Amino acid sequence: MVLRISNYKISISFFFMAVVLLAFAAGMYIETVAALFALGVHEFAHVFVGNKLGIVIHEIEILPFGGRIKSSLGDVSEEKEMLTVLAGPLANFAVVGFILMLSTLEFIPTKLAWQFTHYQLMLGIFNMLPALPLDGGRIFALWLRQRVSYTLSVRIASQTGKILAFSMLFIALLGFAFKKVYISFIVAGFFLLQQASKEEKNAHLIFM
């Protein structure tokens with residue numbers, strides 16, 4: 001599904017919509033809304049900071065494990081790229097503090113606050129892992145770029161992403177042995193593997 005909001009093109013993955021619909025069908029209303037809110041905060045922060053720094057946002061992709069923004073990052077300084085990448089996770093952490101403040105002031109119930117902070121923290125921390133295509137992977141690639149070529153930095157960070165994906169799938173497989181199903185690990189693992197492989201394959205094209 002492709003939407004246009006203001007000047008932005010937003011592509012929503014069919015699998016993302018399927019996951020959301022299945023979650024609603026399973027009665028996970030609050031959990032789903034909390035997860036969508038965390039994702040919205042994360043992607044909005046990327047777009048907002050990117051715009052302020054003069055970065056052109058071409059497209060926002062909403063995938064099963066999160067979002068991805070196609071932009072003109074390759075045309076800006078590393079400092080601006082770093083700030084734009086960090087904006088997403090930092091916004092999630094900032095919202096956690098805001099929600100906890102509202103909970104302390106008893107504006108929202110403690111249980112509801114915990115559910116919403118849980119997804120904010122989960123998304124923020126997960127995205128800080130040094131593996132492409134996650135935000136932490138972008139930062140890791142930027143750090144590597146000071147020591148090796150651009151293409152090699154992307155490939156190394158992509159391979160880290162594949163290791164993370166295989167680890168998540170392995171944990172999900174172990175879960176079956178204990179009669180537990182980790183749907184989030186399965187979905188995120190497969191799509192993380194797909195995107196990391198895509199990043200690695202196109203590393204030289206990105207450089208060109």
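Below are my entries, one topic at a time.

**Entry 1: ground rules**

I noted that this is a predicted model, in which local features need pLDDT of at least 70 and side-chain atom pairs count only at pLDDT 80 or more, while totals for chains, interfaces and linings use all residues. Residues are numbered from 1 along each chain as its sequence is written, and side-chain values use heavy atoms, with hydrogens and water left out. I took helices from DSSP runs (H or I, at least four residues; strands are E, at least two), numbered from the N terminus.

**Entry 2: helix 6 against helix 7**

I looked up how helix 6 (residues 150-177) and helix 7 (residues 183-201) sit together, and found that their axes come within 8 Å and cross at roughly 160°. Axes here are lines fitted to C-alpha atoms, for helices over the stretch in contact, and angles run from 0 to 180 degrees between N-to-C directions. Helix 6 and helix 7 are therefore roughly antiparallel to each other. For that word I used the cut-offs: under 35 degrees is roughly parallel, over 145 roughly antiparallel, 65 to 115 roughly perpendicular, and the rest oblique.

I also checked the hand, and helix 6 passes helix 7 in a left-handed crossing. Left-handed means that the near helix is turned anticlockwise from the far one by less than a right angle; clockwise would be right-handed. I then sorted the residues of this contact and got 16 nonpolar, five polar and four charged. In that sorting, Ala, Val, Leu, Ile, Met, Phe, Trp, Tyr, Cys and Pro are nonpolar, Asp, Glu, Lys and Arg are charged, and the others, Gly among them, are polar.

**Entry 3: helix 5 against helix 6**

Next I turned to helix 5 and helix 6, which pack at an angle of about 145° with their axes 8 Å apart. Their crossing is right-handed. From helix 5, the contact (heavy atoms within 4.5 Å) is made by Gly137, Phe140, Ala141, Leu144 and Arg145, and from helix 6 by Tyr150, Ser153, Ile156, Ala157 and Thr160. The residues divide into six nonpolar, three polar and one charged.

**Entry 4: what is hidden in helix 5**

Which residues of helix 5 are buried? I listed Asp135, Gly136, Gly137, Ile139, Ala141, Leu142 and Leu144. Buried means under 20% relative accessible area, exposed over 50%, and partly exposed in between (1.4 Å probe, protein chains only). The cover over these buried residues includes helix 2 (29-52), helix 3, helix 4 and helix 6.

**Entry 5: salt bridges**

How many salt bridges does a search of the whole structure find? I got three, counting a side-chain nitrogen of Lys or Arg within 4 Å of a carboxyl oxygen of Asp or Glu.

- Arg145 bridges to Glu81, with the closest N and O atoms 3.8 Å apart. Arg145 is in helix 5 (residues 135-145) and Glu81 in helix 3 (residues 78-104), 64 residues apart. Arg145 counts as partly exposed because its relative accessibility is 22%, and Glu81 counts as buried at 8%.
- Arg138 and Glu199 meet at 2.5 Å, N to O. This pair links helix 5, which holds Arg138, to helix 7, which holds Glu199, across 61 residues. Arg138 is partly exposed at 23%, while Glu199 is buried at 6%.
- Glu200 and Lys162 meet at 3.0 Å, N to O. Glu200 lies in helix 7 and Lys162 in helix 6, 38 residues apart. Glu200 counts as buried at 18%, and Lys162 is partly exposed at 23%.

Is Gln115 buried or exposed? Gln115 has 17% relative accessibility, so I wrote it down as buried. Gln115 lies in helix 4 (residues 110-127). Leaving aside residues up to four places away in sequence, Gln115 touches Ile30, Glu31 and Ala34.

Lys111 also lies in helix 4, but Lys111 is exposed, with a relative accessible area of 64%. I looked up its distance to Leu36, 75 residues away along the chain, and the C-alpha atoms are separated by 18 Å.

Thr151 belongs to helix 6 and is buried, at 16% relative accessible area. The C-alpha atoms of Thr151 and Ala141 are separated by 9.5 Å, with the two residues 10 apart along the chain.
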